[in-house]
Structure formats: C-alpha cells, structure tokens
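Please look at the sequence and the model first.

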Amino acid sequence: MTISQFSCSGIELALFRYPKQQESNLQAWDAADEHLIKMLVESQQQPLNTAIINDSFGALQCALTSINPTWPLMVETDAKTSLLGAKQNLADNQLNTDNIRYFNSRDLLPQSIQLVLMKLPKNLSYFAHQLQRLSQILPQGTQVFIAAKAKSINKSILTTIEQNLGSASASLTWKKTRVITCISDGNKRSLPQSVTWKVAELGLSMSNLSNVFAANKLDIGARIMLDNMPTGEFSSVIDLGCGNGILGLRAAQLYPQAQIHFVDDSEMAIESSRINWQANHPDANRATFHWDDCLTHLDNVTPDLVLCNPPFHQGEAITDHIAWQMFLDAYRKLSPGGILHVVGNRHLAYHVKIKRIFKNCHTIASNGKFVILQAKKQAVN
Ligand SMILES: C[S@@+](CC[C@H](N)C(=O)[O-])C[C@H]1O[C@@H](n2cnc3c(N)ncnc32)[C@H](O)[C@@H]1O
C-alpha cells in the first residue's frame, strides 16, 4: 500500500503522485525533500522569492505554502506529471496557490529570485543546463540548496556545480540524503546548444534538447522499431512518449496521408519534436504537439495507429506503471480496428499487459534484447 501521509518538522500533508490512480506503490516525495524542509524550518528561513526546481509532485511547494501561505514561489519543471501532481496536491491540501508561478525548463526565469531549492535530477546534462540557466539570473551570493540521495553526490557533481554556478559544499548525511549548499558567483554561463545527429539511411536530421531521451544517438529500441514499422495505410498516428519524435517522423514518411500527433510528458521532448519536424518535413499542417501525461487530454484525436517505446522509469524509480497507462490510454483512444505497435525490453513482458487489455497480442520481431509487439482493438459487432 502506498503511504500518502507526509509528516516532517511539524508539517502534515496528504501527498499523491500523478495520476493518483496508478499501478504503482511509489511515494510522492522522498527523504531528500524532508531534508530540505527540515533544514529550512530549523534555520527559520524567511519567505524570500524562492525558486523550486525539480519538485517531483509538489512536496516542496506544499510544505513551504503551509509554513507561510504568502511565500512567493517560482516553480520550474519539464514534466507535465510534476506540474499536474503539484497542482493536485496543493488543491487536495487546500493550500493557497496565489503566490505560485510556473515555468518550464526553457522559459526565462525571473531576476527577482533570492533563494533556490532544487532536487538533483537523474540526467546530469540537464542538471548542468539548469545551473547554467540559474547563472544567467542569480546575483552573486544567492544561496542554492540542492538535495539528493547521499550516494548520488560525488566529486564530479560538486565540480559540475562549481563550474556552472558557484562554490559548493555538502552537508552531513541525514536519512541517507545530503543537501549541497551552492553560493552563486554572479558570472553568467552560456547555455548549451542542442545536440544534432543524423539517421542517414532515413534522411533524417535529429536534434535533442538537454532533458530529452537518447541524447546524441538513436536509441536501440527505436532502431528495431524503425526496422519493423507496420505496413498499411493510416490516417491518424500517435507517437506516444515521442522523445525527439523519431518514430513520428518515420511514420510521416511511410504514411503520407496521416496526421501525426506527438505526445510526451517532457516539454523539452515536445519542443525537440517540433524542431525536428520543422527540419525534416515541410508540411506544418500534418503535425500536432501535445505536452501531456499519456493521452489524458487528447480529446479530439481518434488514432488508427499508436507507436510506443514506453519509459521504464519515472525519475529515480524503475516502474512499468507508465507503460500500463500508455497501453490503457491507447486502447481507449484507438478507433475500432486500430493498432498499438510497441517496442520493449524482452524481460519487461509487456505482452502480458497488452493481452489483458486488447485480448490479443502478436510478436512482430525480436532480437536477444527487444521485442516488437502489436495488438489490434477489436471492432465491436
Ligand atoms: C523510451 S523513451 C522513447 C522516446 C522515443 N519515442 C524513442 O523511441 O526514442 C520514453 C518517452 O516517454 C516519455 N514519457 C515518460 N512518462 C510519460 C508520460 N506519463 N506521458 C507521456 N510521455 C511520457 C519520456 O519523456 C520519454 O521521452
């Protein structure tokens, strides 16, 4: 059973992941969140203009707002599930949201930030990018607290912080976590260029922003998918969990009549897909882009093909609950006779889930590591 009762330094909250109903028993916060909150409460931190970065499901926003409902918060997130989860938890705990402003990971951050609370993300290129973004706006001397599992903090993390923002030192360990204190040095760093590479045999030129899956080369799962795309004529195709959009771009080549819908939880992935569409396809009207949690808000789309290379982790947690949600959403959205076409690691046994939902599932191709699975939504007689 999932524990949802958050209790730390006198703050009591009920916190859930997003979506609330999910096939996982993962918690909506971790000990690194508690460490940051404990530190702020013990030092009697005053409510300065505070940036919160990588707050998984809003634990930090809820805690600070319950300490002081007028605490001005500027929240940066790349993940739609994080944004929706924070809003859900703030509402469920009846907390004031009037002083919270949201930013994605490409928006210009306000110059008025006086304090930064950050969770260390899994992707370290993205982390360096976030520090560079902060370096562009933080005055010299601003405190930046970065919390993480103690085992994730090493010399190279401290060097990354020092190179990209300012001096850094780590606290003692508490509940197997540490908080790094960085003091910004006031020097602006330039932002990274997106990584560009080619899939020569398909004539595609790809580029990835810093938090996009498969940073600088084709993913091996995507490769086997590209070699085994469905045959037929399709009119509406969803690239579900599109990353840089490689599967949807290939679908646009193979099915010239099809409208292609790119969907991802990561705003940077959606932006990369848009950039890659513009670089590879002249017809802007054939593509639409959706920053969404699976297919939650795709109201007017009825695909006849869903292409999917599902994620098998969320942040630090290894989980297949997002794959589950993707298969369920695909089933709900597909037109009768429509097809779900999936690539996955063989050991993840996606065929069991797909068969439960679609009542059919065929192996189209496989190699030592991956399988391509296909299921058809049966037409109702
Ligand atoms: C394994 S990658 C596949 C990327 C790309 N389609 C490829 O084949 O290279 C999975 C993608 O799913 C996205 N994702 C994770 N959770 C999601 C969710 N809840 N809704 C939509 N997309 C999600 C990730 O951001 C990531 O881009």
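The text below treats the ligand site and then the aromatic pairs.

The model is predicted: local features need pLDDT of at least 70, side-chain atom pairs count only at pLDDT 80 or more, and totals for chains, interfaces and linings use all residues. Residues are numbered from 1 along each chain as its sequence is written, and side-chain values use heavy atoms, with hydrogens and water left out.

The ligand is surrounded by 17 residues, a residue being near if one of its heavy atoms lies within 4 Å. Asp-293 and Cys-294 are among the closest. A polar side-chain atom of Asp-293 lies 2.8 Å from a ligand nitrogen atom, and a polar backbone atom of Cys-294 is 2.8 Å from a nitrogen atom of the ligand. The protein covers 92% of the 600 Å² of accessible area that the ligand has on its own (Shrake-Rupley method, 1.4 Å probe).

The structure holds six aromatic pairs (ring centres within 6.5 Å; planes under 30 degrees apart are stacked, over 60 edge-to-face, the rest tilted). Two of them are described here:

| Pair | Type | Centre to centre | Angle between planes |
|---|---|---|---|
| Phe-262 and Phe-289 | stacked | 5.1 Å | 10° |
| Tyr-331 and Phe-358 | edge-to-face | 4.9 Å | 85° |

Phe-262 lies in strand β13 and Phe-289 in strand β14, 27 residues apart; strands are DSSP runs (E) of at least two residues. Phe-262 is buried at 0% relative accessible area, whereas Phe-289 is partly exposed at 21%; buried means under 20%, exposed over 50%, and partly exposed in between (1.4 Å probe, protein chains only).

Conventions
Polar contact = N/O pair within 3.5 Å; in protein donor to acceptor, adjacent residues only side chain to side chain. Helix = DSSP H or I, 4+ residues; strand = E, 2+ residues; numbered from the N terminus.
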